[in-house]
Amino acid sequence: MSLPSVSDYSLLEKIGSGSYATVYKAFKKDGCREVVAIKCVDKSSLSKSAIDNLLTEINLLKILKHEHIVEMKDFFWDEGHIYIVMEYCDGGDLSSFIRKKNKLPEQICRRFLQQLALALKYLRDHNVSHMDLKPQNLLLMRNPHLVLKVGDFGFAQYLKNSEQRFAIRGSPLYMAPEILLKRVYDARVDLWSVGVIMYECLFGKAPYSSNSFHELAEKIKDSRPIELPRRSHVSRECKDLLMSLLKHDPDERISFDEFFAHDFLDLAHAPTKENYDTALELVQKAVKMDAEKRPKEAFHLYCQALRFFIPFLTSETDLKRKEILRSHVNNYIQRAEILKASFIDNSDENNKCLQSEDKGSSSTIQKIPSSNGPSSFLHHELRILSKTTPSMADALEIGEVGEQYFTEGNYALALEKFQSCLGLLVPLLGKEPVGRRRDLLYKQVQLWMKQAESTKGLLATKDIEESVQRGSDFPEQCTLQ
């Protein structure tokens with residue numbers, strides 16, 4: 001079958017087709033010979049709704065410019081066709097990628113979702129809802145890095161505050177229950193679709209895989225509970241996000257703001273240019289604090305910087321740049337551990353000093369420098385004042401256990417304890433009346449919040465080892481930027 005002739009472009013091969021359009025790989029005939037994808041739409045096959053969708057897609061793509069959205073480079077038409085020239089994504093689509101790998105490790109799933117979330121955040125900022133999110137519409141750019149890009153905006157809509165529609169939009173397997181059941185719906189349908197995509201990435205199949213539309217509709221109508229496959233294992237944060245997205249009732253579903261802020265995605269530390277600049281700024285401050293002999297401040301800054309640097313290290317595909325960055329990161333890790341050991345040693349000395357003093361000699365106790373240790377003077381005073389509030393005393397004890405795990409280098413358990421105690425102390429702080437105990441509690445909460453963040457930084461260094469272990473199963477093509 002011969003390829004159609006398109007002015008200014010040479011068509012190379014057909015790479016996809018739909019109900020009214022065919023997509024070709026092509027290159028421009030001018031000197032640059034840029035490779036592109038051209039969507040050729042047959043005018044004669046267009047219904048009124050298809051024309052509306054096409055016009056909406058073109059108008060949107062004129063405006064939407066984002067690293068995780070497929071770029072429209074040009075559009076034109078002749079007597080029989082409309083042509084949309086798009087950037088060429090040489091990695092195929094996410095659906096093919098999942099089929100090839102069967103299922104994806106949680107870390108790879110997180111990176112794809114990070115990139116999808118960044119695109120959706122951009123769309124939200126431009127008041128746009130995609131309405132047809134599915135793996136086939138998520139394209140992959142392989143060179144120079146594997147990058148996910150959202151494509152096919154044929155069903156996309158501008159949002160209105162009161163917009164709710166009854167029209168069926170999207171693909172049934174990824175369609176939110178409120179659409180399938182012909183109920184009113186809004187932009188939250190995109191969040192359900194993200195949940196189905198996430199499930200398919202993790203387990204290789206959609207949660208309501210069915211042999212027919214009728215079977216799928218029955219499962220949705222019955223609100224059958226969504227369960228993880230037997231013998232599957234995902235982290236607590238991963239499962240929490242997945243099940244929060246796959247809520248049948250849109251009012252119970254996670255909101256967009258909650259989605260963007262979710263711990264599993266950790267968009268605040270995603271490998272973006274802005275975050276790399278933040279990492280450099282933090283490490284420069286850490287070096288300054290280190291030079292000024294302020295070990296605690298330097299330690300916390302190094303840990304904050306690591307939380308930004310680690311995603312860049314695990315996603316870097318250029319071997320030379322990767323080795324340079326790995327060397328820097330290893331130096332920051334080592335320096336952070338040395339600084340941690342130095343103030344922990346000081347804490348131990350202070351504890352011994354405190355124990356040797358007469359309990360009645362408060363003036364001597366006040367000369368002891370405060371530390372991060374659980375027996376520092378301020379903490380000791382807070383423990384005494386908390387005896388009348390058992391829940392506060394219990395929370396302080398949990399925090400002390402977290403500090404012990406932190407000292408021993410057991411960062412996963414330390415973080416769990418810090419999060420548990422803060423979950424109890426923060427609400428108590430909000431209810432605490434003004435006074436000495438409130439001041440002490442506020443300082444302790446701030447201290448453990450900072451220590452929890454530092455623990456996350458040190459815990460993130462495990463991603464380096466995990467990325468090396470994943471290398472044999474997921475070579476360079478599965479490394480995301």
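This is a predicted model: local features need pLDDT of at least 70, side-chain atom pairs count only at pLDDT 80 or more; totals for chains, interfaces and linings use all residues.

Student: Fine. What volume does the largest pocket have?
Tutor: The largest pocket has a volume of about 1400 Å³. It is lined by 42 residues, and the closest to its centre are Glu 106, Gln 107, Arg 110, Ser 235 and Glu 237.

Student: Which helices supply at least two residues each to that lining?
Tutor: They are α3 (106–125), α5 (189–203), α7 (236–245), α10 (295–315), α15 (411–431), α16 (436–460) and α17 (462–470).

Student: And which one gives the most?
Tutor: That is α15, with 6 residues in the lining of the largest pocket.

Student: How does the lining of the largest pocket divide by class?
Tutor: There are 17 nonpolar, 10 polar and 15 charged residues in it.

Student: Back to α15. How do α15 and α16 run relative to each other, roughly parallel or roughly antiparallel?
Tutor: Their axes cross at roughly 150° and come within 9 Å. Angles over 145 degrees count as roughly antiparallel, so α15 and α16 are roughly antiparallel to each other.

Student: Left-handed or right-handed crossing?
Tutor: The crossing of α15 past α16 is left-handed.

Student: Now α7. Where does Asp 240 sit, and why is it called partly exposed?
Tutor: Asp 240 is in helix α7. Its relative accessible area is 40%, and partly exposed covers what lies between the buried cut-off, under 20%, and the exposed one, over 50%. Asp 240 is therefore partly exposed.

Student: How far is Asp 240 from Asp 263?
Tutor: The C-alpha atoms of Asp 240 and Asp 263 are 9.5 Å apart in space, and the two residues are 23 apart in sequence.

Student: What about Ile 384, which helix is that in?
Tutor: Ile 384 belongs to helix α13, which covers residues 377–385. With a relative accessible area of 46%, Ile 384 is partly exposed. Its C-alpha atom is 9.8 Å from that of Arg 437, which is 53 residues away along the chain.

Student: Switching to cavities. How many of 30 Å³ or more are there?
Tutor: The structure holds 2 of them. The second largest cavity has about 30 Å³ of space.

Student: What lines the second largest cavity?
Tutor: Leu 94, Phe 112, Leu 113, Leu 116, Leu 138, Leu 148, Ile 197 and Cys 201 line it. By class, that lining is 8 nonpolar residues, with no polar and no charged ones.

Student: Which helices supply at least two residues each to this cavity lining?
Tutor: They are α3 and α5. The largest share, 3 residues, comes from α3.

Notes:
Residues are numbered from 1 along each chain as its sequence is written. Side-chain values use heavy atoms; hydrogens and water are left out. Helices (H or I, at least four residues) and strands (E, at least two) are DSSP runs, numbered from the N terminus. Buried means under 20% relative accessible area, exposed over 50%, partly exposed in between (1.4 Å probe, protein chains only). On a 1 Å grid over the protein atoms alone, a cavity is a set of points where a 1.4 Å probe fits but cannot get out, and a pocket is an open set with protein on both sides within 12 Å along at least five of seven lines; lining residues have an atom within 4 Å of a point. Grid points are joined across faces, edges and corners, and a volume is the space filled by probe spheres set on the points. Ala, Val, Leu, Ile, Met, Phe, Trp, Tyr, Cys and Pro count as nonpolar, Asp, Glu, Lys and Arg as charged, and the others, Gly among them, as polar. Axes are lines fitted to C-alpha atoms, for helices over the stretch in contact, and angles run from 0 to 180 degrees between N-to-C directions. Angles under 35 degrees count as roughly parallel, over 145 as roughly antiparallel, 65 to 115 as roughly perpendicular and the rest as oblique. A crossing is left-handed if the near helix is turned anticlockwise from the far one by less than a right angle, and right-handed if clockwise.
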